[in-house]
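Here is a short note for a colleague who is opening this structure now. Please read the points with the view at hand.

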Amino acid sequence: MPDIPLPLRTERLVLRRFEGRDLDAFHAYHSMPETARFLPGPAKSYTQSMERVGRYANFVFEKEGDWVCLAIEAKGQPGLMGEVVLKWLPGRGQGEVGWTLAPAARGKGYGTEAAAAVLDLGFGELGFHRIEARLDALNTASAALCDRLGMRLEGRHVDKWHYKGQWATELIYAILEDEWRTRPR
């Protein structure tokens, strides 16, 4: 697998490795119950945020099971706005994309732009064949983001997860490399 050329740049964003300076901003939105609502586990403590930022800063992407989490910041405006993740799933050419944004960055198209850049990376330099996104059916904002990316809803697993005191239905969206290349822009 080739090295990931960082930072990735889009029209409005820079996607880069996490750094120690991202800790306070990361903790600010990951400690909020509204952010944690659709993520595994409760809102993060400061110590959990430190551990996560350290792991994100030192990722290795060499084999199935590895994943990269990139910090999202606006061009010309340093400061963490969120993160975008690409996981290398078991099976030839399989990946999973995900994202989390700070409240101030939501609703501005940053998540779509960052996820599109990671899909370009996955289908380009990394040679993936299929990339999916898995989300709680109640997460309508992420479902809309998947739609904007041209991902297709492939599955609905009713009451698949029990977390945060309730059952959750999982939606699986996906797109193939040739669909990504030929989608309307």
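1. Pocket terms come ahead of the rest. On a 1 Å grid over the protein atoms alone, a pocket is an open set of points with protein on both sides within 12 Å along at least five of seven lines, where a cavity is a set where a 1.4 Å probe fits but cannot get out; lining residues have an atom within 4 Å of a point. Grid points are joined across faces, edges and corners, and a volume is the space filled by probe spheres set on the points. The largest pocket here has a volume of about 1,200 Å³.

2. A word on the source. This is a predicted model, in which local features need pLDDT of at least 70 and side-chain atom pairs count only at pLDDT 80 or more, while totals for chains, interfaces and linings use all residues. Numbering runs from 1 along each chain as its sequence is written, and side-chain values use heavy atoms, with hydrogens and water left out.

3. The lining of the largest pocket counts 42 residues, and Phe38, Leu39, Gly98, Trp99 and Thr100 lie nearest the centre. Helices (H or I, at least four residues) and strands (E, at least two) are DSSP runs, numbered from the N terminus. Elements that each supply at least two lining residues include helix 3 (46-57), strand 4 (77-89) and helix 4 (110-123). Strand 5 gives the largest share, six residues.

4. What classes make up that lining? There are 18 nonpolar, twelve polar and twelve charged residues. Here Ala, Val, Leu, Ile, Met, Phe, Trp, Tyr, Cys and Pro count as nonpolar, Asp, Glu, Lys and Arg as charged, and the others, Gly among them, as polar.

5. Two strands pair if DSSP finds at least two bridges between them.

6. Leu153 stands opposite Tyr173, and Gly155 faces Ile172 across the pair. Two residues sit between the strands. Lys164 is in this loop, with a positive phi of about 55° although it is not a glycine.

7. Exposure next. Buried means under 20% relative accessible area, exposed over 50%, and partly exposed in between (1.4 Å probe, protein chains only). Lys164 is partly exposed, at 38% relative accessibility. Asp159 lies in strand 7 and has a positive phi too, near 50°. Asp159 is partly exposed at 41%.

8. Helix 4 is mostly covered, with 13 of its 14 residues buried. From first C-alpha to last it reaches 20 Å, close to the 20 Å expected at 1.5 Å a residue. That expected span is 1.5 Å times one less than the number of residues.

9. How many disulfides are there? The count is zero, where a disulfide is a pair of cysteine sulfur atoms within 2.5 Å. For Cys69, the nearest cysteine sulfur is that of Cys146, 16 Å away. Cys69 is buried at 1% relative accessible area, and Cys146 is buried at 0%.

10. The bond from Leu6 to Pro7 is cis, with omega near 0°. Pro7 is in the segment before strand 1.
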